[in-house]
Amino acid sequence: MLPGFTVEVLPEVDSTNSELLRRFKRARGASGVHPEPEPLLLVAERQSAGRGRLGRQWQSARGASLTFSLGLTLKPVDWSGLSLAVGVSVSESLDPPRKAQHRIGLKWPNDLWLTSAHGERKLAGILVETASWDGLRYAVIGVGVNIEPVALAPAAETAPAMSAVAPGCLRELDGGIDAPQALLRIVPALVAAVRAFEQSGFAPFQARFTARDALAGRPVQLSDGTQGTAHGVAGNGALRLLTPEGMRELSSAEVSVRPVPPC
Ligand code: BTN
C-alpha cells in the first residue's frame, strides 16, 4: 500500500501520536549511531488516551473510528500550513473534488466538517506534532476519522462545533465504508501531499483549502473572545480575520475559532 513505509497495526495504544514520539525520543536517546528513522504508519484499533489540539481529548471507539499517525522526517523550508495541507488531502480523498458542492468542508485550521441533513458536524481531526534531534525534525501526523455513529461522553473533542447533536461520521457520506477502506483511501494521497508540502510548502494547497473553507465570510469567535469575520487563509496558512481593529492573521498554534451561531 505504501512503498517506503513500515505499516504497523496495534489493537490498542494510548495515542498513536504519543507512541511515535516516544519511539523517536527513545531511539535518539540510545547511545551509538542514530540512522534516520524509517517512515512509519501506525494504526490503532483503539486509543485509550487519544489527544486533540490544544490539549483536548480525542475519543474514539473500536471499529467505529479510524485512528492513525504517520511518522517521518521532513525538511520543508517553511513548516507553516502543514496541518492545513493534511486536511486538504484527507478531505479530497474522502470527498473527491468532482462535485459542484463539497460535502466535506475544512474548518480552520484542520477540522473536517461533514454537511448533512443534521447540519455541519465534525467528522475528523488532525494533530501534527514534531520532535527534533541533531538537526533532524521528525513529524508525527495524526488523523482521527469518525466512521460509524457512536455515543461519546459529552466532553469529547469530537463534539460538534455548531450543534448539540452527535459528531458526523463517514457512513453518512458512504454507507458501506469501514475503517480499513477509509485508511486505504486516505493514506497514499496523504503521503504524496506531505512530500509535495516538503518541496513546495503550503502554496499548492491554498486554493484547494479555499474551495472547502467552511468559515469563509462567516462571523467567528476566537477562544480569547475576539469576534470578527473569517476572510480565508494567507499564503502561510494563517487565518485572515477582519476585526473591528482591522485585518489580523492568526497562526493555528494561538487559538481555537468557532463560528458564531445565527441568532
Ligand atoms: C483535533 O481534532 O483536535 C485533532 C484530533 C486528532 C486525533 C488523532 S487520532 C490519531 C492521532 N492520535 C492521537 O492521539 N490524536 C490523533
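A helix crossing counts as left-handed if the near helix is turned anticlockwise from the far one by less than a right angle, and as right-handed if clockwise. With that in hand, look at α2, which passes helix α3 (residues 179-200) in a right-handed crossing. Before going on, note that this is a predicted model, where local features need pLDDT of at least 70 and side-chain atom pairs count only at pLDDT 80 or more, while totals for chains, interfaces and linings use all residues. Residues are numbered from 1 along each chain as its sequence is written, and side-chain values use heavy atoms, with hydrogens and water left out. Helices (H or I, at least four residues) and strands (E, at least two) are DSSP runs, numbered from the N terminus.

Two packed helices are described by the angle between their axes and the distance between the axes. Here axes are lines fitted to C-alpha atoms, for helices over the stretch in contact, and angles run from 0 to 180 degrees between N-to-C directions. For α2 and α3, the angle is about 145 degrees and the axes are 9 Å apart. From α2, the contact (heavy atoms within 4.5 Å) takes in L82, A85, V86, S89, V90, S93 and L94, and from α3 it takes in R185, I186, A189, L190, A193 and F197. By class that is ten nonpolar, two polar and one charged, where Ala, Val, Leu, Ile, Met, Phe, Trp, Tyr, Cys and Pro count as nonpolar, Asp, Glu, Lys and Arg as charged, and the others, Gly among them, as polar.

Now follow α2 (residues 82-94) to helix α4 (residues 203-212): their axes come within 9 Å and cross at roughly 60 degrees. The two are therefore oblique, the class left over once angles under 35 degrees are called roughly parallel, over 145 roughly antiparallel and 65 to 115 roughly perpendicular. This crossing of α2 past α4 is left-handed. L84, A85, V88, S91 and E92 of α2 touch F205, R208, F209 and R212 of α4, giving five nonpolar, one polar and three charged residues.

What about α3 and α4? Their axes come within 8 Å and cross at roughly 125 degrees, so α3 is oblique to α4 as well. A193, A196, F197 and S200 in α3 meet A203, P204 and F205 in α4, a contact with six nonpolar, one polar and no charged residues.

Next, the largest pocket, at about 420 Å³. It has 22 lining residues, with W79, S83, V128, S252 and A253 nearest its centre. Both α2 and β6 (119-133) give two or more residues to the lining, and β6 gives the most, with five.

Finally, the backbone: most residues other than glycine have a negative phi, and most peptide bonds are trans. L54, though not a glycine, has a positive phi of about 55 degrees, and sits in the loop between β2 (40-44) and β3 (65-73). The peptide bond from W108 to P109 is cis, with omega near 0 degrees; find P109 in the loop between β4 (104-107) and β5 (111-116).

Technical notes. 1 Å grid on protein atoms, 1.4 Å probe; cavity = no way out; pocket = protein on both sides within 12 Å on 5 of 7 lines; lining within 4 Å. Points joined across faces, edges and corners; volume = space filled by probe spheres on them.
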